[in-house]
Amino acid sequence: MTDDSFWRAAADVVKVTNPLISVLYKLESDICPMGILYDAMDSAKEDIKRNLRGNHGDSWAQVERIWDGYLHSPLHAAGHMLNPRIFYSDRFRHDAEISSGIIRCITQLGQVYFNPRKAALQLETYQHKLGSFDSVPAFQTITGIPQVQWWSVHGARTPDLQTMAKRILSQTCFGATRYNIDWSLSEKLHVGRWKRTFLEHQRFCQMEYVHYNLVFARATPCLQGSSVVHHGGVMVLDDWIATPK
């Protein structure tokens, strides 16, 4: 009780974890579209920096290691930019990660859903706030209606970009608990991966991808408690994975 160094360290832990817990609360909110997570993580990092008064280097490094290695996706960066509430605000900062994310989404999604060349050209209209994006109704409804609805109303003159924005922003960032996901299977897969051959591990990763997508496809997210998962036809990944000796 009298160890000052312990309590100072404990206070620093709270200063780091509180912003991250706030992110988790946002992920479990009733409405959590794809365009929220990137901004939430950026805000959390700035809060950590402010809480630690500049002594944030090690904490930031840990957060970025997990973010870059496990959580970040081009969809998050694209959703961040295509969220008009954030993009047209003073706090938006364009960087290489966002540019790379939006280009990757245009390239990959454009192979199936829209013309990628036209979407790239229309992106400039959105970036420079031209045409319908500069209208009074567009500005007035930025915070008044859901992002997907905003694009449906104000993105009609940029149809290819509109299609991409609606597809990305229609995705949610609900936490895994909403879908009753058992991540222990994934952890078991990656334990001792260096003991497997490259082809063996690649095959297991492909099975992991199929397994979790089947679970997502058959699950109904719930606001409270465990989600309802229809297990019919879902392969049991646990039966296939054995930790290497």
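The structure is a predicted model, in which local features need pLDDT of at least 70 and side-chain atom pairs count only at pLDDT 80 or more, whereas totals for chains, interfaces and linings use all residues. Residues are numbered from 1 along each chain as its sequence is written, and side-chain values use heavy atoms, with hydrogens and water left out.

The secondary structure of the chain consists of 12 helices and two strands. In sequence order the pattern is α-α-α-α-α-α-α-α-α-α-α-α-β-β. Of the 245 residues in the chain, 37% are buried. The accessible surface amounts to about 14900 Å², and carbon and sulfur atoms account for 56% of this area; accessible areas come from the Shrake-Rupley method with a 1.4 Å probe, and for residues only the protein chains shown count as cover. With a contact defined as heavy atoms within 4.5 Å, 64% of the contacts between residues at least 6 apart in sequence join residues at least 24 apart.

Confidence was examined through pLDDT, the predictor's confidence in each residue on a scale from 0 to 100. The chain has a mean pLDDT of 80, and 80% of its residues reach 70 or more. Helix H7 (residues 116-127) has the highest confidence, at a mean of 95, and strand E2 (residues 228-229) the lowest, at 45. The pLDDT is below 50 over residues 225-237, a stretch with 33 contacts in the model beyond near neighbours in sequence. It is also below 50 over residues 239-245, where the corresponding count is 16 contacts. Where pLDDT is low, the predicted coordinates should not be read in detail.

The interior was described in terms of nonpolar cores, each a set of buried Ala, Val, Leu, Ile, Met, Phe, Trp, Tyr and Cys residues joined through side-chain atoms within 4.5 Å. The largest core has 41 residues, and those with the most contacts inside it are Leu82, Ile102, Tyr126, Trp150, Trp151, Met164 and Ile168. Helix H2 supplies the largest share of this core, with seven residues. Leaving aside neighbours within four places in sequence, Tyr126 is in contact with Met81, Leu82, Asn83, Pro84, Phe87, Tyr88, Phe133, Trp150, Trp151 and Leu161. In soluble globular proteins, nonpolar side chains tend to be buried together.

Salt bridges were assigned where a side-chain nitrogen of Lys or Arg lies within 4 Å of a carboxyl oxygen of Asp or Glu, and the count by this rule is four. Side chains of opposite charge can pair when their charged atoms come close. One of the salt bridges joins Lys15 and Asp12, at 4.0 Å from N to O. Both residues belong to helix H1, where they are three residues apart, about one turn of the helix. Lys15 is partly exposed at 31% relative accessibility, and Asp12 is partly exposed at 36%.

Another salt bridge connects Arg91 with Asp39, whose closest N and O atoms are 3.2 Å apart. Arg91 lies in the loop between helix H5 (84-87) and helix H6 (96-109) and Asp39 in helix H2 (residues 37-52), so the pair ties together parts that are 52 residues apart in sequence. Arg91 is partly exposed, at 48% relative accessibility, whereas Asp39 is buried, at 12%. Glu64 and Lys45 likewise form a salt bridge, with 2.8 Å between the closest N and O atoms. This pair links distant parts of the chain, Glu64 in helix H3 (residues 57-71) and Lys45 in helix H2, 19 residues apart. Glu64 counts as partly exposed because its relative accessible area is 30%, and Lys45 counts as buried because its value is 15%.

Ile21, Leu24 and Tyr25 make a nonpolar surface patch of about 340 Å². Patches are made of residues with over 30% relative accessible area and no salt bridge, like charges being joined within 9 Å and nonpolar side chains (Val, Leu, Ile, Met, Phe, Trp, Tyr) within 5 Å. Ile21 is located in helix H1 (residues 4-27) and is partly exposed, with a relative accessible area of 39%. Phe216, in helix H12 (residues 198-218), is partly exposed at 35%.

Notes
Helices (H or I, at least four residues) and strands (E, at least two) are DSSP runs, numbered from the N terminus. Buried means under 20% relative accessible area, exposed over 50%, partly exposed in between (1.4 Å probe, protein chains only).
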